[in-house]
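Morning, everyone. Please look at the structure on the screen while I talk through the packing.

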Amino acid sequence: MNENVKKSQILIVDDTPKNIELLGKVLSDQGYKIIIAENGIQALKVVDKILPDLILLDIMMPEMDGYETCKHLKEKPETSEIPIIFLTARVEIKDIVKGFQMGAVDYVTKPFNIAELRQRVKTHLALKFAKEELKEQVKLREDIDRITQHDLKNPLNAIINLPDFIKMKGKLSDEQKKDLERIKISALQMLGMINRSLDLVKMERGTYELSPDSFDIIKVINKVIEDMAQSINFKKLIIKITLNENNINTKNSFFVLGEELLSYSMLSNLLKNAIEASPPDSTIAILLSSIENNAIIKIYNSGFVPLEIRDRFFEKYVTYGKGKDGNGLGTYSAKLMAEIQNGNISMNSSKEDGTTITISLPIR
């Protein structure tokens, strides 16, 4: 049994001394610390001083019944999260439903089945502490995200600004200027990654606020290709962009509705994935078209997704054959970014036909 569960304090609220005696003995034998209240009014006074981990609450009591006591407990923020198990001789559905509507997590009928009572208490205490641990983990993650974002941004600001300052101070060769520009670009990319990691957490929680605007998706695609030129050239890949069945040049444009930076991150993840999956000397095709009010972007490569992960391709942490170099977040985050922009994403793959990722984004 979890240590927190073992050390739990349980408040028993019942106006029948025999019930209190029985419950107290059964539960104290399990190692729980027992607190007693003989009615609802006394119970409310007890929880003002001691917050129990769980409350066993009799329904039928004089002056203030269990329902009314539960109502008062759920109205106060400091006691609203305490799990309440009703003790009742009533077995009619309407009475049970009423108990759940008041906020109880469970009920135990009288006369008590000792084994059942112990198990229900143990289960709801374990659930309570699991919920609290999850909240702590979420809070810790938020704190780490905030600290990481703040602490990394400060030195990055210096790295971003120093190249321009150095250029102004002295005579530099063209090669040195290019090196400084590469440093600045890399720092800006890292800053974008830090900001995007925090955005990803917001997307997962449904708190990301989209600020859509019309932008040229071809311009974004060309920027992604430019930034990944080293990886593309290393594998001697050809990137072919087609718009409505016509090969395009840099003068063509295709406007979609969404966030430009978000789409850059989404397409970067997907193109990186396509580059890694493509055999050397092959072609990655990017096909753009429109259906009604949606832009359709298809990214094709001649590699294939293994059957064992095909159905989970966009799930979090799913990766294959990358060892420690893969974290399984690329396609997962791309899916979130497509959907947050009111679009969608899908994948088809086979050994014969290769792999095609299809993204749909609104045009207006």
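Helix 4 and helix 5 cross in a right-handed way; that is, the near helix is turned clockwise from the far one, by less than a right angle. This is a predicted model, where local features need pLDDT of at least 70, side-chain atom pairs count only at pLDDT 80 or more, and totals for chains, interfaces and linings use all residues. Residues are numbered from 1 along each chain as its sequence is written, and side-chain values use heavy atoms, without hydrogens or water. Helices (H or I, at least four residues) and strands (E, at least two) are DSSP runs, numbered from the N terminus.

Now the geometry. The axes of helix 4 (residues 66-75) and helix 5 (residues 93-102) come within 9 Å and cross at roughly 20 degrees. Axes are lines fitted to C-alpha atoms, for helices over the stretch in contact, and angles run from 0 to 180 degrees between N-to-C directions. So helix 4 is roughly parallel to helix 5 (angles under 35 degrees).

Who touches whom? From helix 4, Tyr67, Cys70, Lys71 and Lys74 meet Asp95, Lys98, Gly99 and Met102 of helix 5. Contact means heavy atoms within 4.5 Å.

Five strands form an open sheet, ordered 2-1-3-4-5, with parallel pairing; a pair needs at least two DSSP bridges. Strand 2 (33-37) and strand 5 (106-109) are at the edges with a single partner strand each, so one side of each has no neighbour in the sheet. The twist averages 20 degrees from one strand to the next.

Strand 4 (residues 84-88) pairs with strand 5 in the parallel sense over four bridges. Phe86 sits opposite Tyr107 in strand 5. Helix 4 packs on the sheet too, touching strand 3 and strand 4, and its direction makes about 175 degrees with that of strand 4.

Technical notes. Angles under 35 degrees count as roughly parallel, over 145 as roughly antiparallel, 65 to 115 as roughly perpendicular and the rest as oblique.
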